[in-house]
Amino acid sequence: MDNFSFYSPTYFEFGREAEKKTGELIRRFGGSKVLLHYGGGSIKKNGVYGKVIAALTSADIKFTELGGVVPNPRSSLVREGIDIARSEGVDLILAVGGGSVIDSAKAIAAGVKYDGDFIDFYRGKAKIEDALPVGTVLTIAAAGSEGSPNAVITDEETGKKKGARSDHIRPKFSVMNPEFTLTLPPYQTAAGATDIFIHVCERYFSNTPEVVITDRLCESVMKTIIYETPRVLRDPDNYGARANIMWAGMIAHNNICGVGREQDWGSHHMEHELSALYDVTHGAGLAVIVPAWMRYVMERHPEKFVPFATEVWGVPLDMINPIETAMIGIERFEGFLKQIGMPSKFSEIGARKEDIPKMVDKLFAGSETEGNYVKLSKEDVTKIYESVADV
Ligand code: NZQ
Ligand code: ZN
């Protein structure tokens, strides 16, 4: 196991009616006037907006609001949010929504405290040194941004989707009421579950030896997603299944499963090129990329695919031919993604084969290789994209 620092100070309020604590939590973390930030309107349709406003009002928290965050959130709205937060004297950013809203809120929080253009953080020109406090009310289990120090933004000037990372933007608190996820369309539920599963894969496929504790944690989160996702798709109102998936999403990405080990993240970077170019739902893009990545790297480096098959998918170990065992694990994963309605090919997400060179060039601007479990060259990534580019 490698040396590590682990700092994860988000306060979580989890369960039914958790949102009633929102006002109290804002006060506890120094807020008195918040920017209420949200997406395209789902919170107004499903009543979450009204519940949050009631909680703010009862705690006498003043607020100004900015909706309109789109999935794969855009730099222009972040700039608008920074202007509003400054002119209104906001002292905390409250994100009500999913990863896109939370990431936009984090970027606003950092941008308010920075003299230059916030996009510098995403172009490698500046580091986040300070930020307004961020609180979240989560409405979809997926990105794990409610407990992570990351924020991913689409830079509209360059067309690149990039992440920034800092403990300053890790949410001070996150309110997680699983009932708020009952109104998710099945596709978003499944894409979110896929993202959760793959946040763990990015950590599980590692070359670091002697990491039994995090291996077992990773396997447990993956098995939870395998068990609960079909249940919730059959019965969308199943509170227990929703609750388990929601907490799995947090555990998958606050890095408790990833400390002390080399991590991969090549598949996420390959996916971000897809969502930047075609506005693909992040989890659906991962469903196309990750099995292709697995098939490609398994041939060169099968070791970790054997426990992935036996421990996660229950495949019996073939001692004479462990590669066969590993392959069956990948096939089970592909079958699962199909069962929950995720795509597997470019044509299903509107991606085009002729754009592959462009995506590869953007991905490798400034880096020689991608990923760590197997370090991938431009040619490798091209082959992975091509293996799922059916048109
Ligand atoms: O915009 P609204 O109307 O709210 O609709 C949203 C959106 O269309 C809808 N939705 C959310 N909660 C709902 C709901 N619809 C009905 N009922 C509800 N309760 O779901 C759609 C997707 O929302 P979004 O916030 O985009 O989902 P997600 O949480 O998957 O976030 C995706 C973004 O997070 C980034 C991704 O790249 C992507 O931009 N990521 C952020 C990470 C981080 N900050 O740590 C890590 C991840 O790997 C990921 O890259
Ligand atoms: Zn992700």
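**Trp265 sits in the loop between H8 and H9.** This is a predicted model: local features need pLDDT of at least 70, side-chain atom pairs count only at pLDDT 80 or more, and totals for chains, interfaces and linings use all residues. Residues are numbered from 1 along each chain as its sequence is written, chains are lettered from A and ligands numbered from 1 in the order in which they are written, and side-chain values use heavy atoms, without hydrogens and water. Helices (H or I, at least four residues) and strands (E, at least two) are DSSP runs numbered from the N terminus. Trp265 is not a glycine, yet its phi is positive, at about 70°. With 17% relative accessibility, Trp265 counts as buried. The cut-offs are under 20% relative accessible area for buried, over 50% for exposed, and partly exposed in between (1.4 Å probe, protein chains only).

**Arg261 is placed in the loop between helix H8 (239-253) and H9.** The residue is buried, at a relative accessible area of 5%. Two backbone oxygens take part in this view. A polar atom of the Arg261 side chain lies 2.9 Å from the backbone oxygen of Arg203. For the backbone oxygen of Tyr204, the distance to a polar atom of the Arg261 side chain is 3.0 Å. A polar contact is a pair of N or O atoms within 3.5 Å; within protein, one must be able to donate a hydrogen and the other to accept it, and residues adjacent in sequence count only if both atoms are side-chain atoms.

**Helix H9 is mostly covered, with eleven of its 13 residues buried.** Among the buried residues of H9 are Gly266, His268, His272, Leu274 and Tyr278. Met270, Glu271 and Glu273 are also on that list. The length of H9 fits expectation: at 1.5 Å a residue, its 13 residues should span 18 Å, and the end C-alpha atoms are 19 Å apart, which agrees. The expected span is 1.5 Å times one less than the number of residues.

**Four residues hold the zinc ion (ligand 2).** Which atoms coordinate the zinc ion? They are the OD of Asp195 and the NE2 atoms of His199, His268 and His282, at 2.0 to 2.2 Å. Donors are N, O and S atoms within 2.8 Å of the metal (3.2 Å for Na, K and Ca); water is not among the atoms, so sites may look incomplete. Along the chain, the donors of the zinc ion follow the spacing D-x3-H-x68-H-x13-H. His199 belongs to helix H6 (residues 186-204) and His282 to helix H10 (residues 282-300), so this pair ties together parts that are 83 residues apart in sequence. Both His199 and His282 are buried.

**His282 lies in helix H10.** Its relative accessible area is 16%, so His282 is buried. His272 is ten residues away along the chain, and the two C-alpha atoms are separated by 7.5 Å.

**Ligand 1 is surrounded by 33 residues.** The closest are Ser42, Gly99, Ser100, Lys161 and His199. A residue counts as near if one of its heavy atoms lies within 4 Å. A polar backbone atom of Gly99 is 2.7 Å from an oxygen atom of ligand 1. A nitrogen atom of ligand 1 lies 2.8 Å from a polar side-chain atom of Thr139. From His253, a polar side-chain atom lies 3.1 Å from an oxygen atom of ligand 1. Taken alone, ligand 1 exposes 960 Å², and the protein buries 89% of that. These areas come from the Shrake-Rupley method with a 1.4 Å probe; for residues, only the protein chains shown count as cover. Helix H5 (99-112), strand S6 (150-155), H6 and helix H9 (266-278) are the elements that give two or more residues to the shell around ligand 1.

**Helix H5 has 13 of its 14 residues buried.** H5 is therefore largely enclosed by the rest of the structure. At 1.5 Å a residue, H5 should span 20 Å; its end C-alpha atoms are 20 Å apart, which agrees.

**Glu210 is in the loop between H6 and helix H7 (212-234).** Is Glu210 buried or exposed? It is exposed, with a relative accessible area of 65%. Glu210 has a positive phi near 60°, in a residue other than glycine.

**Lys20 is in the loop between strand S1 (11-14) and helix H1 (22-28).** Lys20 is exposed, at a relative accessible area of 54%. Ala59 is 39 residues from Lys20 along the chain, and their C-alpha atoms are separated by 9.6 Å.
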